[in-house]
Amino acid sequence: MEGTYDFGLVGLGVMGRNFILNVADNGFTAFGNDLDSEKVNALIEEGGDTHKVNATVDAKVFVDALATPRKIMLLVPAGKVVDILIESLLPLLDKDDIIIDGGNSFFTDTDRRESYLAERGIHFFGAGVSGGAKGARLGPSIMPGGNRIAYQHVKPIFEAVSAKYQGEPCVTYLGPKSAGNYVKMVHNGIEYGLMQLTSEIYDLLKKGGEFNNDELHQTYAKWNTGRLQSFLVEITSEIFKQDDELAEGRLIDKILDRAKQKGTGKWTSQNAMDLGIPVPSIDIAVSMREISALKEERLQADKLYDRPTVKPMDKDRLETLAEEALYFSFIITYAQGLHQLADASKEYGYELNISAIAKIWRAGCIIRAGLLADITIAFKADGNLPNLLLSPTFVEKVQSTVHAARELVSYAAKNGIPVPGLSNSLTYFDAYASSRLPLNLIQAQRDYFGSHTYERMDREGTFHTEWEN
Ligand code: 6PG
């Protein structure tokens, strides 16, 4: 007997439960599946009406309850468990059914799963879902990749449940194979970069301007009403207000400065290296999480070395520079991530539309920001733009704020405040916008010690010199 439910979801953790309730809120009937009966019962209770939202621990009951072609989303941790679930579902499915992996799976895993399932007549989508638990419930940004024709079955549901930016859904078909997971991976790389920059500016304001938590809250809140408007700036302002429930004072001052990571930022950096696309603002954000993890060694080193005493800067001036430098370095970070996407698109045949990606990042996801509306327009004007920094509409934005990054990087260096995200963004810009770099010397050195040859500026060809000493 063919089932009637419009949508199936496996994995009823917080994300899965919220996503399925969101599907039901939007008028689709949905069926959940999890091995944990407590999670199954919790969903049935929260759903209220089993004709709209139902759930089971039994995979066969679950599959049979769905209308064909079945649309089954997996919201489970990336890795082996995805393969295990696919294997358990496979014998129960029919030709043209659709499995959607909504986790942060590594893109080559998605490619492997997609071709494995395609051979068996099943469509597989890697669909990055961004926005955390709240986003899943109220409207995430969704980044699907896979078979374009099969996407038509998923499209109405995804468009209904996704976040909306001025009425436009924050989801679109991105491309074949692992395009969706790849775009979500780079989204997360950008997320790492923006988070690192936001925290460096916090450090500067605190150490250089002696901003207290209330002032930090107000400053970030004010910025969030201007050109820096973004989810990350907004939650940063909220974080400074949060009281500690376990002791006196604000929570932020009690949190251990050791940041964890699940891997997507690192994958972005690793793959950018493979592609030969520089993303130093993302690389350093990954490295800083690694440095932060070396807490014991940092404590030892701190005792071994003298550091400059921070000379305070005028508070108003610091605040102005900090806003400009953050805006500048946000632009640079998006520019690097989008540069990587443009190149990956060619390398992996994704045929990505960068403007459409910026568009679906304008709401719902963690890196949503006012800036993305401008980025959407820049790539709409020129879909082949290799780098945002080459867009005429961004020249003035960068030109008018780079001075602040210079001033703060030099202030931070003199005062021993680490701002590697800011300085990497600045040096990336200085290098990218230099018609002549000293890498001619590297070519000369390579040829000197290894006869690796070099090219010349004044004539065609490849040259080698017997260098004299
Ligand atoms: C999102 C986030 C999310 C990610 C967390 C944690 O878009 O909703 O990117 O997918 O899992 O941000 O990532 P880390 O543990 O690596 O910081």
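Biologist: Which helix does Asn-213 lie in?

Modeller: Asn-213 lies in helix α9. A helix here is a DSSP run of H or I with at least four residues, a strand is a run of E with at least two, and both are numbered from the N terminus. Residues are numbered from 1 along each chain as its sequence is written. This is a predicted model: local features need pLDDT of at least 70, side-chain atom pairs count only at pLDDT 80 or more, totals for chains, interfaces and linings use all residues, and side-chain values use heavy atoms, with hydrogens and water left out.

Biologist: Why is Asn-213 called buried?

Modeller: Buried means under 20% relative accessible area, exposed means over 50%, and partly exposed is in between (1.4 Å probe, protein chains only). Asn-213 has 11%, so it is buried.

Biologist: What does Asn-213 touch?

Modeller: Contact means heavy atoms within 4.5 Å. By that rule Asn-213 touches Phe-240, Arg-250, Ile-252 and Asp-253, not counting residues up to four places away in sequence.

Biologist: Why does Ser-162 count as buried?

Modeller: Its relative accessible area is 3%, which is under 20%, so Ser-162 is buried. Ser-162 is in the loop between α7 and β8 (164-165). Its contacts beyond four places in sequence include Gly-139, Pro-140 and Cys-170.

Biologist: How do you know whether Gly-131 is buried or exposed?

Modeller: Gly-131 has 13% relative accessibility, so it counts as buried. Gly-131 lies in the loop between β6 (123-130) and α6 (132-138). Leaving aside neighbours within four places, Gly-131 is in contact with Gly-364, Cys-365 and Ile-366. Gly-131 and Ser-141 are 10 residues apart in sequence, and their C-alpha atoms are 6.6 Å apart in space.

Biologist: What makes Lys-414 exposed?

Modeller: Its relative accessibility is 65%, which is over 50%, so Lys-414 counts as exposed. Lys-414 sits in helix α18 (residues 402-415). Lys-414 and Lys-311 are 103 residues apart in sequence, yet 9.1 Å apart from C-alpha to C-alpha.

Biologist: What is phi of Glu-210?

Modeller: Phi of Glu-210 is positive too, at about 50°, although Glu-210 is not a glycine. Glu-210 is in the loop between α8 and α9. At 55% relative accessibility, Glu-210 counts as exposed.

Biologist: What is the omega of the peptide bond from Thr-68 to Pro-69?

Modeller: That omega is near -10°, and the bond is cis. Pro-69 lies in the loop between α3 (59-64) and β4 (71-74).

Biologist: How many aromatic pairs does the search find?

Modeller: The search of the whole structure finds 21.

Biologist: Why is the pair of Tyr-151 and Tyr-173 called tilted?

Modeller: Rings of Phe, Tyr and Trp (its six-membered ring) pair if their centres lie within 6.5 Å; planes under 30 degrees apart are stacked, over 60 edge-to-face, and the rest tilted. Here the centres are 5.7 Å apart and the planes are at 45°, so the pair is tilted. Tyr-151 is in helix α7 (residues 148-161), whereas Tyr-173 is in the loop between β9 (168-169) and α8 (179-209), 22 residues apart. Both tyrosines are buried.

Biologist: Which residues do ring pairs link into a cluster?

Modeller: The cluster holds Phe-106, Phe-107, Tyr-182, Trp-267, Tyr-348 and Tyr-350.

Biologist: How do you know that a charge sits over a ring?

Modeller: NZ of Lys or CZ of Arg must be within 6 Å of the ring centre and within 35 degrees of the ring normal. The charged end of Arg-227 sits over the ring of Tyr-327, 4.4 Å from its centre. The charged end of Lys-397 sits over the ring of Phe-394, 5.5 Å from its centre.

Biologist: Where do helices α14 and α17 meet?

Modeller: Tyr-327, Phe-328 and Ile-331 in α14 meet Phe-394, Lys-397 and Val-398 in α17. These contact residues divide into five nonpolar, no polar and one charged. Ala, Val, Leu, Ile, Met, Phe, Trp, Tyr, Cys and Pro count as nonpolar, Asp, Glu, Lys and Arg as charged, and the others, Gly among them, as polar. Lys-397 is a Lys, so it is the charged one.
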